[in-house]
Amino acid sequence: MSDTAKTSTTEDQPGGAAPVTVQANTEHNVGKPLLRCCFDASETNIFAAGQDRHIWQIPLTADEKKESVTEIEGHDGWVMALAPTDDGATLLSGGTDGQLIWWSLEERAVPRVSKRIEAHDGWIRDLTLSPDQKLLATGGNDGTVKIWDVAEAKLVQTMKGHEYHIYRIAFHPDGKQLVSGDLTCRIQCWDLDSGKSVTELKTPSLHRIDKNHNLHLGGTRGLCFDHGGKYLAVSGLRAAPNYLGGNVQPGNVILDFAKGEIHQEQKTKNNIETVPWESFFMGDDTLAVAMGGKGGGYLIFWNRDKEDEFYAHKLPDVARDMAVNAKKNRVATAHEDGKLRLSALKIG
């Protein structure tokens, strides 16, 4: 573990539109390219995972004076998704092996596997818990969304409607609806009672096909609701002049969810060559997105109603995921260089 003290704010950029402060605190050297991270319920540990079969438990206690990263084994491939329960008892994970694992955290030592399920045919790319924590949604390369009973570790229903790999899933704050986004940035909106797709939202500016290589470019890289569920943010690639060479341009589409209409298209001022990897609404009108790619790593902040970002915070390395704590005053970023970095965050 190492300590850093770099602080940046919107004041560092001309024309900063809202007060944001990002202060880098610590970094933990895991040693493998990371893809995911999450805080546990008590915020005494953070879990990270990535391009191997391990999950890494990193203590965040104030008196921690030395590097103390615990290696947790259980998957047979890359770990692509993590979600802790609010009661602090369970961590859920999914990976390229198609396995869904329940990890017991109750003993507060090394997490142990309490349930393992062959959940999907191919990769699990994302999983997320319902607002009441009773249901878990998973999705991946088989194009299905599956709903699980968290307490019983049992399949509740399987929902079919995507033709391509599912990249991201999000529950609506009302707990009655679910959205899933795929490789083509088409968003299916599911009614949980019936298990049926009630509508499809399209974000055409975030999808294109490279005809020379027969590739779909981009995919739904970030998917999140604001607190009230009025707006849905979809993050992806708005341009890809040379996708294979890393020449890409990120963007967001803010949807008015109830109307099913596009509210705002967003880009970066300087067309930073990065890929969005995760997004969160910080309050109802600020969208934060973690990015990484040829142009480096960034935390970028948009006002929900504006086209250009009001602040771009440069990170030391390519960011592949971020996690925000419950108070939204601390952010963790998982990086391609194998490091987990923690920063203090203040908005407003």
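**Close-up 1. Lining of the second largest cavity.** In this predicted model, the second largest cavity is lined by M282, A288, L299, F301, M322, V324, V331 and L345. Strands β28 (296-303) and β30 are the elements that give two or more residues to this lining. By class, the lining of the second largest cavity consists of eight nonpolar residues, with no polar and no charged ones. The space inside the second largest cavity comes to about 30 Å³, and the structure holds two cavities of 30 Å³ or more.

Close-up 2. The largest pocket, with a volume of about 1,400 Å³, is lined by 42 residues, of which T128, L129, Q133, F280 and V324 are the closest to its centre. V324 is also named in the lining of the second largest cavity. Several strands contribute at least two residues each to the lining of the largest pocket, namely β4 (34-39), β8 (79-84), β12 (124-129), β16, β22 (222-225), β26 (275-281) and β30 (319-324). Sorted by class, the lining of the largest pocket comprises 24 nonpolar, eight polar and ten charged residues.

**Close-up 3. The second largest pocket.** A volume of about 350 Å³ is found for the second largest pocket, and the residues that line this pocket are L35, R36, W78, M80, W123, R125, Y167, R168, T220, R221, W277 and R320. Strands β4 and β16 each supply at least two residues of this lining, and both strands also each supply at least two residues to the lining of the largest pocket. The lining of the second largest pocket divides into six nonpolar residues, one polar residue and five charged residues.

**Close-up 4. The four-stranded sheet that includes β16.** Strand β16, which contributes to the lining of the second largest pocket, belongs to an open sheet of four strands, arranged in the order β16-β17-β18-β19 with antiparallel pairing. Because β16 (166-171) and β19 (196-202) stand at the edges with a single partner strand each, one side of each is left without a neighbour in the sheet. From one strand to the next, the twist averages 25°.

**Close-up 5. The pairing of β18 with β19.** Strands of a sheet pair through backbone hydrogen bonds, in either a parallel or an antiparallel sense. Here, β18 (residues 186-191) and β19 pair in the antiparallel sense over six bridges. Within this view, D191 stands opposite K196 in β19.

Note on methods. Residues numbered from 1 in each chain as written. Predicted model: local features only at pLDDT ≥ 70, side-chain atom pairs only at ≥ 80, totals over all residues. Heavy atoms only, no water. Pairing = 2+ DSSP bridges. Axes fitted to C-alpha atoms, helices over the stretch in contact; angles between N-to-C directions. 1 Å grid on protein atoms, 1.4 Å probe; cavity = no way out; pocket = protein on both sides within 12 Å on 5 of 7 lines; lining within 4 Å. Points joined across faces, edges and corners; volume = space filled by probe spheres on them. Nonpolar A, V, L, I, M, F, W, Y, C, P; charged D, E, K, R; others polar.
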